[in-house]
Amino acid sequence: MHLFLIVVIFCPIFLWLLHRWNDRKVISLATKVPSYKLQMLLGFGPITTQKSIISESITGHQKLGRNMLMYMGPFPCYFTIDPVIIKDILNSKLCRDKSDLTYTGVINALGKGLITMKGSEWIPHRKLLNPPFKVSNQITFLPIFNQKVNGLFAAMDQCGYMENSRDILKFCREFTLNITFETMLGHNARAKNIDTKHIAKLVTHITEYISEITFKFFYFNPLVLNLAHRTIFRECRETIEYVKGEIDKILKSFSTGQHDAGYLENLYTAIHCLYESLENNETPREIIISGMIHLFSGAFETTSSSIYFTVLMLAMHPEVQSKLFSEICERFPENDDGNMEVTYEHLSQLPYLDMVLKETLRLFPVVPQIARQVSGGNVRLSNGVVLPEGLNVMLNIFLLHRDPQIWGPKANTFNPDNFLPCNVEQRHPYTYMPFSKGTRSCIGMRYAEMSLKVTMAKIIKRYKFSTTAKIEDFEWENHISLHLVNNPPLTVERR
């Protein structure tokens, strides 16, 4: 009995001392970086969730400043919204790897791919995928972007007044799923008899599933995760396996030369590029399939959410919407009801549209936070702080984009003039980074920008949006991508 009591009392103490010893470099770092003293003593902090991580970060930075040291549960993290320090981190070869803390969930859900690969694997894989993402190649996707908006029109024409604008987000996801099938997989989903409405709904569930296994630490346990995969996440796993099966069928069709009815000629997509790598024995088949899932998911979520947030901002700011409509009508004067063909040349002739989209992505970066892990040695930052190997580094894009020191006292206000050339020139280049920056910036940035500009130009030519909602009423959640807790009302009118 006495031995049992000794074990019960001293075992936790021993584990705590061991935890403190393993974090001794972090404890030393806390003497140079603002931190919560109690967290540093205990070696433990709040267990964040999708709903709390943004608010926890806001509270922390308001109290401790732009650079701080915090614990997320038992994991120490260096947080920063300082553009100078962010540049240090994103351009350091020792901070190239994504953090296991925040990206293990993506690996467990989707497998290994461009989003999660470590530096030694990521470099050749990124180089491999560069050709289909060159601007010269993506120009060939413009007819697809133009044509697929018609499906979005058919859905939005029926909207009118909505108490909850979530349907618009749903329509945007269906639209982006269609263009992603064609521009990433080189196939027309409808011709392949794929129900994109159903798949878009399931893919939405998958993003929520990834969020769950990322933010809830008990899913880090393989036994718990395996049980969840067999029960509450079974449908998500089946959907992922279905998409993987479709990708595998496409790869097999390339090898046989027998394409189905949905195959699109004269396109060079990511799957074409990866198939060439497979044929040359450069990349294993399973990596190609999971890698395509990464690209597919990224393109799907980025474009759909950005369209939705842009529509909301225009509805809330009728003067901006009116000015943007005038610019689009000046460039496309015909009474075409949004059915004009937007070419590559047109994209540079719509400066106010560019400003509106950038301002939307400033306030609503689709990926609100990215994380890196120090690996291969310690990292010395411009402020003299040395980050020890193994430390997680959190870069909060959401707060960076709303920092009053950068964007002024009205940093939370929608103002496209923030992106007038004279204002852009005055800011540090790392103050705005909706697609990340540095050596591991988003490969699909140009793709997203082109598809957004085409889509929004056509939408604004056809519709007028209004709402009673105010931006200060919004509540956010981080589901890997940025979500609203409640979708505000919206009215959609044909012009």
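Is K148 buried or exposed? K148 comes out as buried, at 14% relative accessibility (buried is under 20% relative accessible area, exposed is over 50%, and partly exposed is in between, with a 1.4 Å probe and protein chains only). The model is a predicted one, so to speak of local features takes a pLDDT of at least 70 and side-chain atom pairs count only at pLDDT 80 or more, while totals for chains, interfaces and linings use all residues. Residues are numbered from 1 along each chain as its sequence is written, and side-chain values use heavy atoms, with hydrogens and water left out.

K148 pairs up with E182 in a salt bridge, at 2.9 Å from N to O (a side-chain nitrogen of Lys or Arg within 4 Å of a carboxyl oxygen of Asp or Glu). This pair links distant parts of the chain, with E182 in helix α10 and K148 in helix α9, 34 residues apart (helices are DSSP runs of H or I with at least four residues, strands are E runs of at least two, and both are numbered from the N terminus). E182 is buried too, at 5% relative accessibility.

In total, the structure holds 22 salt bridges. Another of them joins R462 and D157 at 2.8 Å, N to O. R462 sits in helix α22 and D157 in the loop between α9 and β3 (161-162), so the pair ties together parts 305 residues apart in sequence. R462 is buried at 8%, whereas D157 is partly exposed at 26%. Shared partners join D157, D337, R462 and R494 into one salt-bridge network.

Now for the pockets. The largest pocket has about 540 Å³ of space (a pocket is an open set of points on a 1 Å grid over the protein atoms alone, where a 1.4 Å probe fits, with protein on both sides within 12 Å along at least five of seven lines; lining residues have an atom within 4 Å of a point). Its volume is the space filled by probe spheres set on the points, which are joined across faces, edges and corners. Of its 28 lining residues, K358, Y432, P434, K437 and E449 are the closest to the centre. Helix α18 (351-363) gives the most to this lining, with six residues.

The second largest pocket holds about 420 Å³. It is lined by 19 residues, and G151, E174, N178, R190 and T196 are the closest to its centre. Here α9 (142-156) has the largest share of the lining, with seven residues.
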